[in-house]
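Hi everyone, thanks for coming. Let's have the structure up on the screen, and I'll talk you through a few places in it.

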Amino acid sequence: MTRPASGTGPALQVDRIILREIRLELKEPFRISSGLVTDRRIALLQLFDASGARTWSECVAFQLPNYTSETIETAWMAIREWLAPRILGRQFAGPEEVHAVLEKNIRGHNMAKAAVEMGCWGLTSVLWNTPLSTLLGGTRDRVPTGISLGIQAEPALLVQRAEAAVAAGYRKIKVKIQPGQDVEYVRAVREALGDTVGIMADANSAYTLRDIDHLAELDALDLIMLEQPLGDDDLVRHATLQRRMKTPICLDESITSVDRAEDMITLKSGRIINIKPGRVGGMSASRAIHDIAQQAGIPVWCGGMLESGIGRAYNVALASLPNFSLPGDLSPSARYWARDIVSPEWTMDAEGMVHVPLGRPGLGVAVDEDGIEALTVRREELRPARVVAGT
Ligand code: OSB
Ligand code: MG
C-alpha cells in the first residue's frame, strides 16, 4: 500500500530534466573495505515542473560498482534511456505515485530511479509550498548525527579521528573495518573513548561465514551494531551470524527494497536497518521500509553516500521520521568538502544535531547554481519524447 504524501496541492508534471555530472574533491580520501573515494563524481538532476516550479536532486551512485552494482555511468544511461521518459510530460496527483511507474518492468537501477523519484518529492515540496520533511511525514525538527570514519593506516590515526569526532558532538562513531584491520582497531577506539560512547563497525561485505569466530570477538566491545559484515545480497548467512553474535547486525547493502526488508525481519538476518533512499529506489520505498520496521520493533537510521548538500537535504528530511531512532550518517558539509554547493552549508550543533529546515519548502537550502555550473563536466537536457495528447 502506498502512503500518500502529507499535504495537498496541484498535480505534478515534470516537463524538463537537466542531467549533469560534477566533480567534488573530498577533503580527505574515504576508504571502505572495497575501495577508495577521493574525487566524488556526482550526477545531479534539475527538474522543472510545467507550472515553473523547479528543484534539484542527486544520484548517489559511485564511479565504480564496489558498493552496489550501479555506477554513475549506468545511472546516467538508465535515467536518460528508460526512467526520465516514463516521467516527463506525465501528470501525477502526488509524488507517491512515481515509484510504481519507475518500477514497472525495469529491474534494478535503484539509485537512478531514486534520483528521479526523490526529485519528484522535492519538486512537489516546492509546488505545494510544504517543507520536504512535512511532506514525508517527518515529526522532528532536529536529528542526531553520527560520523563514519574510513579505514586508516593504523589504529592510532583512527583513535585520533574518533576522539575529535566525540569532541565535536557526534552521537555515534562508525568505524569502517576489513579483514586485518578490524578487532584491534575497534578495540583501540573503545579503549580511548570509554564505555559511554556509541560505537559501531561497518564491513561493507568484506567477510564470509569462515570469519564467524573472529567476528564474534567484536561482541566483547559492546558495539551498537555491526553493519553488513557478509555478502551484499545475502540474508541467509547473516541470519546464521546473528544467531551466533550478541551484537545486533544492521543491514545496508542487502536491503534493496521493501520485500528484502520484510525478508530480513522474517529470517532474523539482523535487528537494525540502515536506510539509504538511493539504495532502495527513493522516498516511497524508504518510508515503507521505515513503516514495516517500526511495526516489527526494528530501529532504522539514515545512511550516507558522501552526498553533496543536495543529497543531504533529502536525507535530513527523511531522517526526521519517527522511527529513525539512531543517529544517521549525516555529517556537516565541512567534513567532506572545502566548499559545498548549497547555502547555508549543512552544520551540526554542539549536541550533534542537524536542524531540519522547516521554514522553507524544497531542499530547505539554496543551491549554488553558479558553483555547480563551474564544476559541471557534462550536461544533458531531457524532454518528453513527443507531445502527449491533452497536455
Ligand atoms: O556503507 O555506509 C556505507 C561511504 C561509501 C560507501 C559506503 C558507505 C559509506 C559511508 C559514508 O559510510 C557515510 C557518509 O556519507 O558520511
Ligand atoms: Mg554501510
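I'll go through the metal site, then a helix, then some ring contacts. One thing to keep in mind is that this is a predicted model.

So, which residues coordinate the magnesium ion, ligand 2? They are Asp202 and Asp252 through OD, and Glu227 through OE, at 2.1 to 2.3 Å. If you read the donors along the chain, their spacing is D-x24-E-x24-D.

Next, please find helix 12, residues 309–318. Here 10 of the 10 residues are buried, so the helix is largely enclosed by the rest of the structure. Among them are Arg312, Tyr314 and Asn315, along with Gly309 and Leu318.

Now for the rings. The count of aromatic pairs comes to two. In the pair of phenylalanine 62 and tyrosine 67, the ring centres are 6.2 Å apart and the planes are at 85°, so this one is edge-to-face. Both phenylalanine 62 and tyrosine 67 are buried.

Last, charges over rings. Lysine 172 places its charged end over the ring of tryptophan 301, 3.2 Å from the centre. Arginine 335 lies over the face of tyrosine 336, and there the distance to the ring centre is 5.6 Å.

Thanks, and I'm happy to take questions!

Notes
Residues are numbered from 1 along each chain as its sequence is written. Chains are lettered from A and ligands numbered from 1 in the order in which they are written. This is a predicted model: local features need pLDDT of at least 70, side-chain atom pairs count only at pLDDT 80 or more; totals for chains, interfaces and linings use all residues. Side-chain values use heavy atoms; hydrogens and water are left out. Donors are N, O and S atoms within 2.8 Å of the metal (3.2 Å for Na, K and Ca); water is not among the atoms, so sites may look incomplete. Buried means under 20% relative accessible area, exposed over 50%, partly exposed in between (1.4 Å probe, protein chains only). Helices (H or I, at least four residues) and strands (E, at least two) are DSSP runs, numbered from the N terminus. Rings of Phe, Tyr and Trp (its six-membered ring) pair if their centres lie within 6.5 Å; planes under 30 degrees apart count as stacked, over 60 as edge-to-face and the rest as tilted. A charge sits over a ring if NZ of Lys or CZ of Arg is within 6 Å of the ring centre and within 35 degrees of the ring normal.
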